[in-house]
Amino acid sequence: MRVVFRGRRGISLWPTNDALTVVSLVFPPEEAPGPGRSAQAGFYASSLREVPEVEQALAGAELVSTPRAAAVRNARRRAHGPGWVLAGDAGHHKDPVSAQGISDAFADAAVLADALHAGLSGSAGLDEALAGYTATRDAQRLEAFAYTCEQAELRPFGADFLNDLARTAADEQAAQAFLNTFVGCDAPSDAGWLGDSH
Ligand SMILES: Cc1cc2nc3c(=O)[nH]c(=O)nc-3n(C[C@H](O)[C@H](O)[C@H](O)COP(=O)(O)OP(=O)(O)OC[C@H]3O[C@@H](n4cnc5c(N)ncnc54)[C@H](O)[C@@H]3O)c2cc1C
């Protein structure tokens, strides 16, 4: 895969099924095109063309599906009430810029399953068990939520961060630690990758 940043825009090229490539474009809301599929498709195509290495990588490529756009909100909701409980994105929605939503949804499901078992088997009151689930969820997510909101501003990277990243990329263990943080397996404050510019 390849990720290219230009100003506050980011373009990723990911290999996927049937030798196709997913090409995603992220941009701040202020730069969003007008409404309508054709305005969005035009904005997408011209944004890719403006970056020479992306244009070169896509030379001769065929567009096989219509680009789709979405605005992503960061939101935390109350996790439970009488007769209902929320897990994953439904209760805690984050911009995908930090790639943590899948890990978080699995973590919620695991903690919630234990809480429901305790509440329904009678080893604890259901409300008390669900309140425990909510407290665990909030404690696990707050730091990453703040980190995600910061990343979602798509500010250009500073020289210190880029230096740290280059050193990290050259060290296999540090690179793994960076990825673990990026996908939410480790909290940002536990990060074992090189540098403290993040
Ligand atoms: C563009 C993009 C890129 C992303 N990239 C990453 C990434 O690289 N890494 C990462 O970890 N996360 C990423 N995410 C986030 C990740 O996809 C989500 O956080 C994750 O899928 C949340 O899982 P979930 O089970 O909570 O919700 P969902 O995956 O949304 O599942 C909820 C399901 O419930 C169904 N549903 C809704 N209402 C009803 C109803 N009334 N009855 C029955 N079914 C219903 C929906 O159709 C859906 O299938 C990305 C998200 C986006 C939008």
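Student: Into which domains is the protein divided?

Tutor: Domain 1 covers 2–57 and domain 2 covers 75–152, with bounds from an automatic or database domain assignment. Their centres, taken over C-alpha atoms, are 32 Å apart. Before we go on: this is a predicted model, where local features need pLDDT of at least 70, side-chain atom pairs count only at pLDDT 80 or more, and totals for chains, interfaces and linings use all residues. Residues are numbered from 1 along each chain as its sequence is written, and side-chain values use heavy atoms, with hydrogens and water left out.

Student: How many bridges join strand E1 to strand E2?

Tutor: Two strands pair if DSSP finds at least two bridges between them. Strands (E, at least two residues) and helices (H or I, at least four) are DSSP runs numbered from the N terminus. Here five bridges link E1 (residues 2–6) and E2 (residues 9–15), which run antiparallel; Arg2, for instance, has Leu13 in E2 as its bridge partner. The two strands form a hairpin with two residues between them, and Gly7 in the turn has a positive phi of about 60°.

Student: Which residues make up the largest nonpolar core?

Tutor: A nonpolar core is a set of buried Ala, Val, Leu, Ile, Met, Phe, Trp, Tyr and Cys residues joined through side-chain atoms within 4.5 Å. Buried means under 20% relative accessible area, exposed over 50%, and partly exposed in between (1.4 Å probe, protein chains only). The largest core has 10 residues: Val4, Ile11, Leu13, Val23, Leu25, Phe43, Tyr44, Leu48, Val51 and Val54. E2, strand E3 (21–26) and helix H1 (37–49) each give two or more residues to this core, and H1 supplies the largest share, three residues. Apart from it lies another core of eight residues, including Leu112 and Leu130.

Student: Which residues of helix H6 are buried?

Tutor: An α-helix has 3.6 residues a turn, so residues three or four places apart point the same way. In H6 (residues 172–182), the buried ones are Ala174, Ala177 and Thr181. Seen down the helix axis, they fall within an arc of 55°, so they line one face of H6; the arc is that of the directions from the axis to the C-beta atoms. These residues pack against helix H5 (159–169), where contact means heavy atoms within 4.5 Å.

Student: And His92: buried or exposed?

Tutor: His92, in strand E7 (residues 92–93), counts as buried because its relative accessibility is 3%. Not counting residues up to four places away in sequence, His92 touches Ala75, Arg76, Arg137, Arg141 and Phe145.
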